[in-house]
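Subject: Structure for you to look at

Hello,

Here is the structure I promised to pass on. Please open it first, then read my notes beside it.

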Amino acid sequence: MKLATWNVNSLTVRLPQVLDWLMINPVDVLALQELKMTDDKFPFHAFQQIGYEAHCFGQKTYNGVALLSRSPATGVTRNIPGFADDMARVISAYVNGVRVIGAYFPNGQEPGSEKFEYKMNWLKGLRMWVREELAMNPRLVLMGDYNITFDDADVWDPVGLKDAIHCTEEERYHLRALIALGLHDAHRLFPQMPKSYSWWDYRDFGFQRNRGLRIDHILVSNALKPLVSSCVIDKNPRGNERPSDHAPVVLELLQP
DNA sequence: ATGCCTCAGCTCCTGAGA
């Protein structure tokens, strides 16, 4: 079973690239973030034609998430129960006996800002909920655009970006607190190339110079950890014309 | 350099992203 996550930065612009990618990478589940479209615009038919069921949680202009799956998705929930939020950031479902959560974590803009405060509150709300979900569903995957780096290895310029947004101790505390619930960063379960990133700035040839951050993550529960056979970042679509600034991350699970 | 790209929208500038 393969699961993937991809921040597409507008599904309107990126739909042809997502369809092409799925033809080459026929994953079982794909979580999308930053659709930037309302549900009435969501291209259900295009995904259905290549064998995917889709559930979306859209929003005008900003945010918006979706889950695509080859097998039926059940128990679909939107956003974080118990955490009031105007923004469409989370969608979850059961697929093939796995609880799958796709999430677009808040950006936070700048430490000390109102948006940073919202990010901290959101992270706490997420953790409270994921703790309950894990208790009910030992087989759980939490994947998406976290907008947080784990440590300096995830940052192209850890000196210049020390305490910058995505790299602050407060954000990393929340990320470690998620891990402490009994989750594992699938990427780090395997040897990886140094300077492996999932996002590169559009400006200043960030991708060509590999000036990036690893902020898109796939966390797996204790029960799933022994089943993980690989976790790779697919840099290929970042080299497309009109690419998303994020690359897909792909997890492979050995189904027992 | 309060910019550099890219995207959406009450669209010819502004806000947001990261």
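Start with one pair of residues. Leu3 stands opposite Leu251 in S14. Strand S1 covers residues 2–7, and strand S14 covers residues 249–253. They run antiparallel, and four bridges join them. Keep in mind that this is a predicted model.

**The sheet around S1 and S14**

Both strands sit in an open sheet of six strands. The order is S3-S4-S2-S1-S14-S13, and the pairing is mixed. S3 and strand S13 (228–233) stand at the edges. Each has a single partner strand, so one side of each is left without a neighbour in the sheet. The twist in this sheet averages 10° from one strand to the next.

Now look at S4, which covers residues 65–69. Two strands pair with S4.

- Strand S2 (residues 29–33) runs antiparallel to S4, with five bridges between them. Val29 has Ser69 as its bridge partner in S4.
- Strand S3 (residues 53–57) also runs antiparallel to S4, again joined by five bridges. Here Phe57 stands opposite Val65 of S4.

How many of the five residues of S4 are buried? Five of the five are, so S4 is largely enclosed by the rest of the structure. Both faces are covered. Val65, Leu67 and Ser69 are buried on one side, and Ala66 and Leu68 are buried on the other.

**The other sheet**

Another six strands form an open sheet. Its order is S5-S6-S7-S8-S12-S9, and its pairing is mixed too. Strand S5 (74–78) and strand S9 (183–185) stand at the edges. Each has a single partner strand, so one side of each has no neighbour in the sheet. Neighbouring strands here are turned by 20° against each other on average, direction ignored.

Within this sheet, find strand S6 (residues 90–95) and strand S7 (residues 98–104). They run antiparallel and are joined by six bridges. Val95 has Val98 as its bridge partner in S7.

**One helix residue**

Next, go to helix H3, residues 114–136. Trp122 lies in this helix. Is Trp122 buried or exposed? It has 21 C-beta neighbours inside 10 Å, and 20 or more make a residue buried, so Trp122 counts as buried. Then try a distance. Trp122 and Ser229 are 107 residues apart along the chain, and their C-alpha atoms are separated by 31 Å.

**The whole chain**

Step back to chain A. It has four helices and 14 strands. Its C-alpha atoms fill a box of roughly 45 × 45 × 40 Å along the principal axes. What radius of gyration would a compact globule of 256 residues have? It would be near 18 Å; chain A has 17 Å, which agrees. Buried residues make up 43% of the 256 residues. Take the contacts with a separation of 6 or more: residues 24 or more positions apart account for 67% of them.

**The DNA**

Last, turn to DNA strand B. It is surrounded by 22 residues. The closest are Ser10, Thr12, Asn107, Tyr202 and Arg203. What kinds of residue make up the surface near DNA strand B? Five are nonpolar, nine are polar and eight are charged.

That is the tour. Write back with any questions.

Best wishes

Methods. Residues numbered from 1 in each chain as written. Chains lettered and ligands numbered in written order. Predicted model: local features only at pLDDT ≥ 70, side-chain atom pairs only at ≥ 80, totals over all residues. Near = placed C-beta within 6 Å. Nonpolar A, V, L, I, M, F, W, Y, C, P; charged D, E, K, R; others polar. Rg over C-alpha atoms; globule rule 2.2 N^0.38 Å. Buried ≥ 20, exposed ≤ 12 C-beta atoms within 10 Å, placed from the backbone. Contact = placed C-beta atoms within 7 Å. Pairing = 2+ DSSP bridges. Axes fitted to C-alpha atoms, helices over the stretch in contact; angles between N-to-C directions.
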